[in-house]
Amino acid sequence: MAKELIVAISDKDFELLRDFIYNICGMYFHISKKYFLESRLARRMDATGVKTHADYYLLLKSPRGTEELKYLMDEITTNETYFFRNVPQLNAMENKLLPEIVEAKNKMGFRKLRIWSAASSSGEEAYTMAMILLEKRATLLKDWIIEIVGTDINETVVAQAKEGVYNAYSVRNIPDMYKRKYIREDNGKFILAPEVKKFVTFNKLNLYDDSKMIFMKSFDFIFCANVLIYFDTASKSKVVQHFYNNLQPYGYFFVGQSESLHGVNDKFKTVHFPGGFAYKK
Amino acid sequence: MEKTQLIEKAEQLVAKIEDLPTIPAVANQVLQLLDQPDVEIEQVADLMLSDQVMTARVMKMLNSPVYKPASEITSLKRALVYLGLRHIRELALTTSFISAFEHDAGAFNITDFWEHSFGVGMVSKIIAAKVGYRDQEKAYISGIIHDLGVVFLSTFKRDDFLAVLDSIKDRPVKLADEEIKIFGTSHCEIGFCMARKWNFPDVYCEVIACHHDPEQAAIDPILCAIVNLADLFCGVRELNYGGREWVSFNLYEEPAWQVLRKEYPELANLDVERFCYELDDAIPDVKNLVSSIFNTNP
């Protein structure tokens with residue numbers, strides 16, 4: 001790849017672009033990621049022939065901006081996912097949210113847990129959940145039915161998810177205890193144990209398809225990371241409303257790190273925990 | 001348990017400690033001077049300048065991006081004019097508190113403790129500004145001193161306090177609840193007793209006592225609610241004592257949120273998510289301030 005000239009971004013331009021991206025996409029760029037943003041902007045400025053950050057900002061605000069923003073988001077979000085990606089979220093689920101839901105459902109005598117990874121890509125997030133819950137089969141989740149559903153619009157990644165074979169990058173964050181139990185290495189490939197796979201089903205689903213979305217019912221946890229950032233506000237509201245409807249009254253909805261639903265849905269309430277937050281009805 | 005019982009128990013606990021830290025000499029003289037009628041700012045400034053450490057700390061606390069003064073404060077006298085006489089007392093007391101516990105916070109890493117305290121000071125001031133609370137300096141100072149009782153337990157009841165911390169590790173349990181189980185009282189009431197011993201103004205004593213239950217406050221429930229919320233936010237955004245307490249809260253169900261919402265209905269429009277992310281961005285400022293106050297390496 002040709003080396004782009006990286007123009008240092010001023011604090012003012014950084015704030016302009018950060019606020020623009022936040023307001024349109026709902027993703028917040030932390031100041032610690034300034035240099036990362038700078039280098040990715042350089043690629044887009046090179047591709048569009050724009051010379052300054054201020055001009056690039058004007059381009060984003062122009063009628064051509066909608067299309068350009070999609071390219072920019074592709075540059076600044078890493079599409080590759082991996083196991084145990086959002087550790088604060090997983091800790092919150094294990095420490096508090098899961099025990100809380102289990103208690104509520106135990107009282108009702110309804111021992112079934114449903115989890116949805118709503119942009120499951122190659123399946124890492126859904127399988128991470130499966131591993132964590134599998135560890136609780138002898139204790140908290142004894143005699144519980146566990147259903148984990150992964151959906152994605154892209155059939156290729158759905159097929160990959162079903163296969164359950166990964167590269168070193170995907171598995172690098174898996175704690176040793178889980179890795180020893182549920183991952184087998186074979187010739188540089190990392191193969192997921194069948195006992196994990198059996199908890200998860202994967203399907204193709206377009207989050208924008210109302211006729212399908214209304215059937216995704218009664219989930220206790222819904223995860224949807226780094227997808228809503230691609231939708232415009234109206235589409236975002238529509239999709240989030242489906243998540244809202246499909247979530248149990250005591251359930252939790254999670255978005256990605258640095259994402260925000262502010263201004264998208266005013267019914268969800270934030271529940272905070274160390275390093276993150278979730279949404280609740 | 002009733003608050004009065006908790007305070008009674010805290011009084012007994014504090015009374016048993018023989019080597020309680022005292023207010024440094026110069027700070028004490030400043031406080032006495034402030035008690036005199038018709039005191040001039042120049043007199044106070046001259047006296048404070050005889051304590052270089054106190055002067056440097058006051059300047060650092062006010063000149064940091066954490067506090068965000070409207071313009072740079074270049075001299076102590078300007079700082080005192082900027083703050084007004086009414087805040088000098090608290091500032092002298094706050095620097096005394098820092099001096100008393102600067103080398104050792106017992107069970108805690110001292111840096112973690114002060115980063116949390118200044119973090120809560122900063123966030124209290126931000127919330128105060130957002131809602132239009134009249135005295136942002138008061139919110140800042142209240143935040144800095146709110147956990148006076150924690151540093152007491154950590155220093156003078158070190159082993160028992162370590163046991164409390166161990167027992168709550170990674171559990172969604174409130175530190176104050178666990179303290180009551182072990183000590184019969186919590187850092188809120190203990191801090192309240194210490195603050196009274198040191199003659200902190202009543203409103204600050206109340207914040208220390210009620211920073212976990214603002215509904216109990218009588219003098220300034222709004223201030224208590226501000227510090228309570230700031231404390232919660234710092235607890236979930238890396239200014240959390242190095243993760244010693246696993247904090248979790250549903251913002252809309254928090255009494256502090258309801259107290260503030262009632263007084264300032266426009267708070268309903270707060271972009272909570274962005275507020276958290278901006279707080280993450282401000283963490284390096286807090287760390288820099290703490291390291292500069294203690295002259296440790298930045």
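This is a predicted model: local features need pLDDT of at least 70, side-chain atom pairs count only at pLDDT 80 or more; totals for chains, interfaces and linings use all residues.
The domain assignment divides chain B into domain 1, which covers 3-14 + 104-294, and domain 2, which covers 22-100. Taken over C-alpha atoms, the centres of domain 1 and domain 2 of chain B are 23 Å apart. At their interface, 25 residues of domain 1 of chain B are in contact with 22 residues of domain 2 of chain B. The size of an interface is often expressed as the accessible area lost when the parts come together. For domain 1 and domain 2 of chain B, the buried area is about 2,200 Å², with 75% of it on carbon and sulfur atoms.

Nonpolar side chains in soluble globular proteins tend to be buried together. In this model, the largest nonpolar core comprises 117 residues, and B:Val30, B:Trp114 and B:Phe118 have the most contacts inside it. Helix H14 of chain B (residues 221-236) gives the most to this core, namely twelve residues. Both domain 1 and domain 2 of chain B are represented in the core, each with at least three residues. The surroundings of B:Phe118 may be inspected in detail: leaving aside residues up to four places away in sequence, B:Phe118 touches B:Met61, B:Val66, B:Ile98, B:Tyr140, B:Ile144, B:Val286, B:Leu289, B:Val290 and B:Ile293. A second, separate core has 47 residues, among them A:Phe84, A:Met93, A:Ala130 and A:Ala193.

A charged residue of chain B comes next. B:Lys138 lies in helix H8, which spans residues 136-145 of chain B. B:Lys138 is buried but has no salt bridge. Why is there no salt bridge for B:Lys138? The nearest side chain of opposite charge, that of B:Asp135, is 4.4 Å away, whereas a salt bridge has to be within 4 Å. Beyond residues up to four places away in sequence, B:Lys138 touches B:His87, B:Tyr133, B:Val203, B:Tyr204 and B:Leu223.

Two serines in loops remain. A:Ser120 is placed between strand E1 (112-117) and helix H6 (124-134) of chain A. With a relative accessible area of 2%, A:Ser120 counts as buried because this value is under 20%. Its contacts, not counting residues up to four places away in sequence, are A:Gly150, A:Thr151, A:Asp152 and A:Phe202. B:Ser71 is in the loop between helix H4 (52-63) and helix H5 (76-83) of chain B. B:Ser71 is partly exposed, its relative accessible area being 38%. Its C-alpha atom is separated by 19 Å from that of B:Ile88, 17 residues apart along the chain.

Conventions. Residues are numbered from 1 along each chain as its sequence is written. Chains are lettered from A and ligands numbered from 1 in the order in which they are written. Side-chain values use heavy atoms; hydrogens and water are left out. Helices (H or I, at least four residues) and strands (E, at least two) are DSSP runs, numbered from the N terminus. Buried means under 20% relative accessible area, exposed over 50%, partly exposed in between (1.4 Å probe, protein chains only). Lys and Arg count as positive and Asp and Glu as negative; His and the chain ends are not counted. Contact means heavy atoms within 4.5 Å. A nonpolar core is a set of buried Ala, Val, Leu, Ile, Met, Phe, Trp, Tyr and Cys residues joined through side-chain atoms within 4.5 Å. Domain bounds come from an automatic or database domain assignment. Buried area is the accessible area (1.4 Å probe) that two parts lose on being put together, summed over both.
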